[in-house]
Amino acid sequence: MIQQTTPPAPASVQTAAYQQCINPTCAATFGVDETHFACPRCADLIDVVYNWDRLPVPDRLAQFQTRWADRHEPLNFSGVWRFRDLLPFAPPESIVTIGEGQTLLQPADKVAQYVGLNQGRLWLQYEGMNPSGSFKDNGMTAAFTHARMVSAHRVACASTGNTSAALAVYCSATDLGFRAIIFIGSGKIAYGKLAQALDHGALTIQIVGDFDDAMQRVRQVADRLGIYLMNSVNPFRLEGQKTIIFRILEALRWEVPDWIVVPGGNLGNSSAFGKAFIELKYLGLIDRVPRLAVINASGARTLDELVGHRKLAWLDGLPEMSTVDSYYTHLDADGIKASTIASAIEINRPVNLKKCLRALHFCGGVVQMVSDQEIMDAKARVGAGGLGGEPASAASVAGAKRLREAGVIAPSDRVVCILTGHQLKDPTATVAYHSGDQDLFDSVLGSRGVKRAGFANRPVVVANDLDDIIRTIALYSEASAPA
Ligand SMILES: *Cc1c(COP(=O)(O)O)cnc(C)c1O
Ligand SMILES: [Zn+2]
């Protein structure tokens, strides 16, 4: 369904970028001035595709660095649009940016030790530094740019929290008349994220149900009311999320690492990463691709089950979808709902599944599952190593550790784990782990199968007495620093 159309974009843009259904037996094409959240012919996912021959692409990635010198210019300041030649679907005057993508790649030797990697071999890409505190801003800036190109004003998403936070921030930080409408499941949103949606003025609709229910409803509502959908079924979002990879390569001085490890929820990020590498390789801007590891939580392990156990594969765009259908039928029949402390990946029906299969195929990818215990322990180690993350972020580190132990990742491999969201998004999980409050631990973590807080940094309770305080400091300051 075409929801909105505007006067055609300039000929150069219109012919050089278009949209295409990823199903090779359909392969329908559409202009970038159209809005689809599924192929109108076959309901499959849609890609943004470029005629690279007609586009000016730098012949070396290092040329992007030079834009730093010119960063008073907003498009050069943005960590997304600095790479605009690699996502060239929008005329520059349509671009909506709030300075996203000022993120960092930090060498993480303490965490490397925990993961079992040699010193100097692990980096954490901290996407929590984005304006709304998660990697979602990389995608939001691109999708808002497209929404502006098609003159959309009401924008909506279903969210476990971070997409809605990003949506609310982009609506409130820009003066372009966008109105944010957010669908969340009941009781399934971390307070840091809900706080953002409310503070930034989004119309927040709480549905009695979980994320998968909210996702289904927002698609129906977007369809019925012609509202622009900001979930990662929106192919323009994934264009923006490709730039996480570009920034990682930039920070590694354009050297490709051996592994990129990312948590998998709706599988937008892993899909975008795969597309980034496919395009960089095609353009001759890199000579090899890294391997991709996508990490599921054990309570939301659809990808792990389908790829790892039921052998679902890309097969040139024609994966065996009956395998997927029968798994979903089993979930429904047995009343299985996604359940993990890593709320950002608490998703059982990942909308970008097919695109993720493509990424796994192209990048020699693997899927790994980790328990909530492993996630919370890894999160504590990441925190002690200097960077914070919400539980879902730490899944990447927990997954890298598992893959290292299984010998899939070698100790000498160069590994980048994505920390997808900020530490303060979900303070409840962190305090439940560290504080020693048994009731809080039981209700927040124990209910998810977490048994121990092995790396807890407990607060010490002392009487309001100077001598007591001094004695306590003497007692604890030698022994208590976590190793
Ligand atoms: C959205 C989100 C994820 C999941 O990413 P997908 O692209 O949906 O797989 C993981 N971590 C955080 C913090 C998120 O906000
Ligand atoms: Zn199609």
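Predicted model: local features only at pLDDT ≥ 70, side-chain atom pairs only at ≥ 80, totals over all residues.
In one of them, the ring centres of tyrosine 50 and tryptophan 52 are 4.9 Å apart. Their planes meet at 50°, so we call this pair tilted. For that label, stacked would need planes under 30 degrees apart, and edge-to-face would need over 60. Tyrosine 50 is buried as well, with a relative accessible area of 6%.

Still on rings, have a look at Phe64, Phe83 and Phe246. Ring pairs join those three into a cluster.

Next up, charges over rings, and I've got a couple to show you. Find tyrosine 328: over its ring sits the charged end of arginine 349, 4.6 Å from the ring centre. Then go to tyrosine 114, where the charged end of lysine 401 sits over the ring, 4.5 Å from its centre.

Which residues come nearest to ligand 1? There are 16 residues around ligand 1, and the nearest of them are Lys136, Asn162, Gly265, Asn266 and Thr420.

Let me pick out some contacts with oxygen atoms of the ligand. Asparagine 162 uses its side chain: one of its polar atoms there lies 2.7 Å from an oxygen atom of ligand 1. With leucine 267 we're looking at the backbone, where an N or O atom is 2.8 Å from an oxygen atom of ligand 1. Glycine 268 also comes in through a backbone N or O atom, this time 3.0 Å from an oxygen atom of the ligand.

And how much of ligand 1 does the protein bury? On its own, the ligand exposes 390 Å², and the protein buries 97% of that. As for where all this happens, the space that ligand 1 takes up is the largest cavity.

That's it from me, so over to you.

Definitions and conventions
Residues numbered from 1 in each chain as written. Chains lettered and ligands numbered in written order. Heavy atoms only, no water. Phe/Tyr/Trp six-rings, centres within 6.5 Å; stacked < 30°, edge-to-face > 60°. Buried < 20%, exposed > 50% of the residue type's maximum accessible area, 1.4 Å probe, protein only. Lys NZ or Arg CZ within 6 Å of the ring centre and 35° of its normal. Near = heavy atom within 4 Å. Polar contact = N/O pair within 3.5 Å; in protein donor to acceptor, adjacent residues only side chain to side chain. Areas by Shrake-Rupley, 256 points an atom, 1.4 Å probe, with all protein chains shown as cover. 1 Å grid on protein atoms, 1.4 Å probe; cavity = no way out; pocket = protein on both sides within 12 Å on 5 of 7 lines; lining within 4 Å. Sits in = over half its atoms within 2 Å of the grid points.
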